[in-house]
Every structure is written in structure tokens, then in C-alpha cells.
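Open the model in your viewer and keep the sequence panel at hand. We will go from one selection to the next, with a short note on what to look for at each stop.

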Amino acid sequence: MSSLESKKHDSIKALMNSISPIDRVKLMINMLNDTYLEEWGITNPLSKGKWRETLIADNLGHIVHKKTSGGKGSKFYGSDAMDPNTGEYWEYKSVMVKHLDGNQMREKQWNSGKLGVTLSGVYNGAYNRDALEKYSEINHALCLYSERSGDILAIVQMHTSHVISQLTPMVESIEAGTWVNKKGKPKTTNCNNVGIKFKNSVPLPEHGEIIWTP
């Protein structure tokens, strides 16, 4: 951070400390909304993690969609952004790397290159064949972010073939009428997970590869 940026940072911090916590939150939300509208034409960045998608897109050189996701029925349905260099569409998922998970210090393990765990992205719209077909035509990224700082730790490109193989069993179960709970009632279709297994802080080659780090 330059000396000028540091002075600006200190001035903003002094302003924030001079007002009540509620007013501080309101001011930050207003500033966030104004910035996203002016810079990217996004009207509701706090809706469904749109603010984080914008950060992912910026790191990858992508253009994030202004709406929550690609419009239903469009060629980019299910995606969150587009790569302007290739014209390819991308779906983003995010997962928190916890500071403490049970007795495991996950972020410390990540930083030391010793993380060995499965991290998952949740797909809420992957409950039928049409959705699977759309997802098979785009790229998929899993963003790992710090629980403490909120900073992005890494972005993994999940292999599309792996994503589809993970999403298909639930769709097959729905088609067969077996996607039910113990009482025989249909289970939610909003939690279709794609797991990426890490060994020594690196995803298994058959699952994906890291495409961005700070």
C-alpha cells in the first residue's frame, strides 16, 4: 500500500470509528452498492454472493454477469461469468476454509501445504437432465476463501467431467423416485454437491487444478 493509499485508509477508518456501528454498516453497504452499480452495473451485489463472484471474475480476467446468473433458456444458463478472450462461460462456487474445523486448523494446513480434505461446491439448480446438459457445456471454478479474513486463497478449475459425474446420481435418484427422506417425502433438490478432494493442499488431478493463487 502506497503512502497516499495508507492516508486514505486511515481517513476512512477514522470516519468509521466516529459513527455508531449501525451507521457504519449502513455507510459500508451504501458505498458497496454505489461502487458495484458505477463500475459493473450490478444493482444488488449482496444478493447470493454476487460481490464474491465479482472478485473471482476480476482475478481470472472474466466479465461477471450483471444478473444473479445466466438467464434460464439462454446459451449461458447456469453460468456466472464469461471469459472475454475465449468466449467460454464459467460457473463459480465458493467454499470457506475454516480456521478451526473440529480440532483441525484447516487454514493453517492450507498455508503449510498439508491440507487433506474434501471441499464441496453446492449446485442448487442441478436437478434434471436439462440442467446437467447446460452445466456440461461450461467451465466450473471453486473459490477457496479464508474464514478469518475473507481473502481468496485459491481458485480451482473443476473438471467439467468430474462435476457432471458428481451431479448425476441425484438426478438419477429423482428420476427413479428414490430421492426421498426416511418418511418417504421428497428431499430438497437445492443441495447437489460437487466434492474436490485435496492432498497436500492440491486437488486430485482427476478432480481439477489450481488456476489462481494470490
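Start by selecting strands β7 and β8, which pair in the antiparallel sense over 2 bridges. Keep in mind throughout that this is a predicted model. Zoom in on Lys 199 and you will find it opposite Val 202 in β8.

You have an open sheet of 3 strands in the order β4-β7-β8, with antiparallel pairing. Which strands are at the edges? They are β4 and β8 (202-203), each of which pairs on one side only.

**Aromatic pairs**

Next, show the aromatic side chains. The structure holds 2 aromatic pairs. For the one between Trp 110 and Phe 198, the ring centres are 6.2 Å apart and the planes meet at 75 degrees; an angle over 60 counts as edge-to-face, so this pair gets that label. Colour by secondary structure to see that the pair links distant parts of the chain: Trp 110 belongs to helix α4 (residues 106-111) and Phe 198 to strand β7 (residues 192-199), 88 residues apart.

Move on to Tyr 123 and Tyr 135, an edge-to-face aromatic pair with 5.2 Å from centre to centre and 90 degrees between the planes. This pair also links distant parts of the chain, with Tyr 123 in strand β4 (residues 118-123) and Tyr 135 in helix α5 (residues 129-135), 12 residues apart. Both tyrosines, Tyr 123 and Tyr 135, are buried.

**Charges over rings**

Stay with Tyr 123 and bring up Lys 93. The charged end of Lys 93 sits over the ring of Tyr 123, 4.3 Å from its centre. Then select Arg 52 together with Tyr 145: Arg 52 lies over the face of Tyr 145, at 3.5 Å from the ring centre.

**A nonpolar patch**

For the last stop, switch to a surface view and select Val 25, Met 28, Ile 29 and Leu 46. Together they make a nonpolar surface patch of about 320 Å². Val 25 is in helix α2 (residues 21-40).

Note on methods
Residues are numbered from 1 along each chain as its sequence is written. This is a predicted model: local features need pLDDT of at least 70, side-chain atom pairs count only at pLDDT 80 or more; totals for chains, interfaces and linings use all residues. Side-chain values use heavy atoms; hydrogens and water are left out. Rings of Phe, Tyr and Trp (its six-membered ring) pair if their centres lie within 6.5 Å; planes under 30 degrees apart count as stacked, over 60 as edge-to-face and the rest as tilted. Helices (H or I, at least four residues) and strands (E, at least two) are DSSP runs, numbered from the N terminus. Buried means under 20% relative accessible area, exposed over 50%, partly exposed in between (1.4 Å probe, protein chains only). A charge sits over a ring if NZ of Lys or CZ of Arg is within 6 Å of the ring centre and within 35 degrees of the ring normal. Patches are made of residues with over 30% relative accessible area and no salt bridge: like charges are joined within 9 Å, nonpolar side chains (Val, Leu, Ile, Met, Phe, Trp, Tyr) within 5 Å. Accessible areas come from the Shrake-Rupley method with a 1.4 Å probe; for residues, only the protein chains shown count as cover. A salt bridge is a side-chain nitrogen of Lys or Arg within 4 Å of a carboxyl oxygen of Asp or Glu. Two strands pair if DSSP finds at least two bridges between them.
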